[in-house]
Amino acid sequence: MINLYGLILTISLAIGTIWSYKRLLRVGFSSNDLENIILLAAPATLIGARVHHVLTDWHIYSNDFVKVVYVWNGGLGIWGGLACGFGVVFLYTKWKGISFLALVGEITVPLFLVFMIGRWANVFNQELLPYAYFESIASMGIFLISLYLERRFEEQYHYRTFFIAIAMYAVIRFGLEFTRFEPRYASFTINQYVSLSIFIAVLLGWYLY
């Protein structure tokens, strides 16, 4: 039986990776650097996403730790994946003298296409409903807004699209958490505190750059 969760995630990531690769080649990134970035970022993103999910939903795994490795059954935290993936990419760009901001500016649109498609893995896996529906629709909105914004900004300022898109996504994730029955600390879930922290970090990044 085909695991639709894994299949949909694989298709969305393949589309996003190929599109990002072509966009980055167009603006002058070398194929060697991009291949290295993919090889480094892919496992880092998967590991970070899984670790984030396990830590924020520890009650699921505390009595059956072996389930931690059952990635194919669902359970990936996007913020953890982004943090580890972008962290590895940032270190690589610093090492190679490549512009990190230029890179993230070009992958913003493909990234939210991945989010839009990828959430349907949760739908077919019958988890996070109706959260997954709402987030997929919201990601489609951010995808379309990002397409518009990058045409408004000059190429060297495409990274501003990234800041705006991630800020919008953080606000949406913060709001959608109210639809979930998760443990709350001072009225908010752990993921809401993470989303709020990301939003503040993005505002700081916008101010600095």
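Me: How are helices and strands defined here, and in what order do the elements of the protein chain run from the N terminus?

Reply: Helices and strands are DSSP runs, numbered from the N terminus; a helix has at least four residues and a strand at least two. In this predicted model, the elements of the protein chain run α-α-α-α-α-α-α-α.

Me: What does the radius of gyration say about the protein chain?

Reply: The value is set against a globule rule, 2.2 Å times the number of residues to the power 0.38. For 209 residues the rule gives 17 Å, and the radius of gyration of the protein chain is 17 Å, so the chain is as compact as a globular protein of that length. Along the principal axes, the C-alpha atoms fill a box of roughly 50 × 40 × 30 Å.

Me: Which residues of the largest nonpolar core touch the most other members?

Reply: In soluble globular proteins, nonpolar side chains tend to be buried together. Here the largest nonpolar core has 33 residues, and those touching the most other members are Leu82, Phe86, Leu103, Val104, Phe112, Phe115 and Tyr169. Two or more residues come from each of α2 (31–56), α4 (78–96), α5 (100–124), α6 (131–152) and α7 (159–176). Helix α5 gives the largest share, ten residues. Beyond its neighbours within four places in sequence, Phe112 contacts Ser139, Ile142, Phe143, Ala165, Ile166 and Tyr169.

Me: How many Å should α7 span, and what covers its buried residues?

Reply: The expected span of a helix is 1.5 Å times one less than its number of residues. For the 18 residues of α7 this gives 26 Å, in agreement with end C-alpha atoms that are 26 Å apart. The buried residues of α7 include Phe162, Ala165, Ile166, Tyr169 and Arg173. Among the elements covering the buried residues of α7 are α4, α5, α6 and α8 (190–208).

Me: Which kind of aromatic pair do Trp79 and Tyr169 form?

Reply: Rings pair if their centres lie within 6.5 Å, and planes over 60 degrees apart count as edge-to-face. The whole structure holds 19 aromatic pairs. The rings of Trp79 and Tyr169 have centres 5.4 Å apart and planes at 65 degrees, so this pair is edge-to-face. Trp79 lies in helix α4 and Tyr169 in helix α7, 90 residues apart, and both residues are buried.

Me: Are Phe174 and Phe178 stacked or edge-to-face?

Reply: Their ring centres are 5.8 Å apart and their planes stand at 85 degrees, so the pair is edge-to-face. Phe174 is partly exposed at 22% relative accessibility, and Phe178 is partly exposed with a relative accessible area of 48%.

Notes. Residues numbered from 1 in each chain as written. Predicted model: local features only at pLDDT ≥ 70, side-chain atom pairs only at ≥ 80, totals over all residues. Heavy atoms only, no water. Core = buried A, V, L, I, M, F, W, Y, C linked by side-chain atoms within 4.5 Å. Buried < 20%, exposed > 50% of the residue type's maximum accessible area, 1.4 Å probe, protein only. Contact = heavy atoms within 4.5 Å. Phe/Tyr/Trp six-rings, centres within 6.5 Å; stacked < 30°, edge-to-face > 60°.
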